[in-house]
Structure formats: structure tokens, C-alpha cells
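Visitor: Please take me through one part of this structure up close. I would like to look at the salt bridges.

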Amino acid sequence: MIAAAALSRRVRGLELRARKNVGHIGEGAYRTAFKGSGVEFQEIREYAPGDDIRTIDWNVTARHGRPYVKRFATEREQTILLVVDGSASTRFGTAEGASKRDLIAEVAATLAYAAVQNEDRVGLILFGNEVEAYVPPGRGVQHALRIMRDVLQFTPRLPGTDLAKALEFLDRVTPRRVFAFLISDFMAADASRQLRLSGKRHNLVALVVNDRAEAELPDCGLVEFEEPESGERLTLDTSDREVRAAFAGSWKSREMHLLAGARAADVDHFAITAGDDYFPDLLRVLRTHATRR
């Protein structure tokens with residue numbers, strides 16, 4: 001548990017970075033990705049004098065033999081759900097001052113602050129091996145600060161990561177369609193089936209957070225590794241070229257499997273790397289997401 005004073009400092013620092021980041025993202029990029037046309041379909045009714053003839057539904061009119069028009073209502077505010085992985089594997093980090101958990105917190109804070117700045121509602125689901133915290137969608141800067149605080153101080157009770165449980169929870173608590181960001185390092189069992197189901201119910205984006213050191217081993221002799229979720233240890237001879245090649249090949253296969261699963265589920269999938277400037281990638285997320293919609 002982070003001490004209160006230290007937590008306050010970290011939240012304040014995260015808030016300042018989020019404010020700066022939102023300024024870089026720009027209102028236009030956010031609105032384009034999340035607001036669509038600005039109106040939503042409401043009903044079809046019979047034509048009345050004074051109705052705009054451009055709203056006539058010609059298919060319904062042909063079936064009934066008299067004119068019918070489509071009615072639209074101004075689009076309500078959007079609801080953004082941040083589904084955030086806080087499992088032990090996200091503590092890994094080799095970039096100076098930038099673990100995967102730090103990057104996850106900053107991305108979540110940026111999206112939360114962008115939502116409240118645009119008067120949208122934003123909520124949070126925190127999970128490891130199970131869902132351990134849920135912040136219902138709300139508005140306002142204080143609500144965004146609460147989300148930042150919860151992400152920063154979260155420590156899962158149990159080891160492991162279960163993406164499927166987090167997505168199942170998302171589907172249960174949000175019966176209406178929402179915009180959801182699944183932010184995780186995806187060091188977990190395959191959840192492509194649930195990803196596909198949740199992707200049909202919601203506007204879902206998978207943000208995969210990586211660290212460069214996870215993709216390849218350095219040549220530094222015998223090294224003992226510890227799996228952060230299970231605590232299992234393994235000693236590898238990193239000076240062996242075949243060992244390094246096998247490790248890199250395994251990581252590449254994992255990336256390809258993730259990409260194939262996201263494509264099969266029709267879910268936008270983007271990878272960002274700790275220590276890198278992730279803004280171009282985050283902007284690409286929003287723009288590509290808007291194009292697909």
C-alpha cells in the first residue's frame with residue numbers, strides 16, 4: 001500500500017501528465033473517435049407536414065404506401081470503460097522510470113481525463129486473476145482523479161491474470177453498448193472467445209503494453225528468471241544463441257497469436273512499449289478506431 005503523502009504526489013504528477021497529454025490528443029481527435037455523427041436513430045413515424053423530406057425512409061414508405069420518416073435525437077454523452085490489468089506481470093520494467101504498470105497508469109489517466117474534459121462519463125474495472133475493483137461511470141475532474149488514485153494503489157489479492165473474467169464482468173455491469181479499453185500486457189491464458197463476445201456487445205479496443213526486454217534475451221551468461229505470477233524460477237544460458245533464438249521466436253509467436261485473435265474478434269488491437277513516446281500510437285488508436293467505425 002502506498003503511503004498517503006506519496007500517493008497524493010503520484011496522483012498529482014499523473015494528473016499533470018494527463019492534462020498535457022490531452023492537450024496533445026486534441027478535442028478533434030477525441031470527438032472524431034467517440035462522437036460519430038452526433039445524432040442517434042430514435043424511431044420511424046408517419047410523415048407530417050413540415051418534416052424534412054430528406055428524412056423519408058423510402059423502404060418503409062414503399063411497404064406501407066404512405067410516407068414515413070426517420071427521427072433522430074441528439075447523441076447523449078458517451079460512456080468510456082477502462083478495463084485495467086494490475087497483475088504482477090505489469091510490474092516488469094527495464095526502461096528508466098517506466099515500467100509496464102507506469103505506462104498503463106498514464107494511458108488510463110489520459111483517457112479518463114480526455115473523457116471528463118469532453119463531458120463524457122468514464123468508469124474503471126481493475127483486475128488480476130479476478131475483478132477486484134469497479135468504479136461506476138461518472139463525470140468530473142474529481143472522478144478522474146479517483147480513477148487515477150485507484151489504478152496507482154491497486155495490488156491484486158491473488159496471483160495470475162484472467163482477461164476473460166474481466167470482460168465477462170464488463171458485459172454484466174454494462175448492458176448498453178459502451179466504448180471500452182482493455183489495457184493489459186496480455187500475459188494470460190487465451191481469451192479470444194470472450195474477446196469476440198465482448199467485441200460484439202461493445203466498442204472494444206485492446207491496448208497491449210510491452211517492454212522491449214521481453215522480446216529478446218541479452219547475451220549475459222547464466223541468468224535465473226522468476227515468473228512474476230507463479231513465482232516459478234528457471235535458469236537459462238543466455239550466451240547460447242539457440243536459447244536466445246527460441247526465446248525471441250516464442251515472443252514473436254505470442255504477438256502473432258494476439259493479433260490473429262483480435263482480428264478474428266473484429267477488435268482494434270494496438271501495442272505500445274514502455275519507455276517509448278506512445279503518443280503517436282495513441283493518436284493512431286483514436287484515428288484508426290474512428291475510421292473503422
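Guide: Start with Glu 15 and Arg 19, whose side chains form a salt bridge with N and O 3.0 Å apart. A salt bridge here is a side-chain nitrogen of Lys or Arg within 4 Å of a carboxyl oxygen of Asp or Glu. This is a predicted model: local features need pLDDT of at least 70, side-chain atom pairs count only at pLDDT 80 or more, and totals for chains, interfaces and linings use all residues. Residues are numbered from 1 along each chain as its sequence is written, and side-chain values use heavy atoms, leaving out hydrogens and water.

Both Glu 15 and Arg 19 sit in helix α1 (residues 4–25), 4 residues apart, about one turn of the helix. Helices are DSSP runs of H or I with at least four residues, strands are runs of E with at least two, and both are numbered from the N terminus. Glu 15 is buried, at 7% relative accessible area. Arg 19 is partly exposed, at 39%. Buried means under 20% relative accessible area, exposed over 50%, and partly exposed in between, with a 1.4 Å probe and protein chains only.

Now look at Lys 100 and Asp 185. Their closest N and O atoms are 2.9 Å apart, in another salt bridge. This pair links distant parts of the chain, 85 residues apart: Lys 100 is in helix α4, and Asp 185 is in the loop between β6 (179–184) and α7 (192–201). Both Lys 100 and Asp 185 are buried.

Arg 244 and Asp 219 also pair, at 3.8 Å from N to O. Arg 244 lies in helix α8 (residues 241–264). Asp 219 is exposed, at 53%. The whole structure holds 13 salt bridges.
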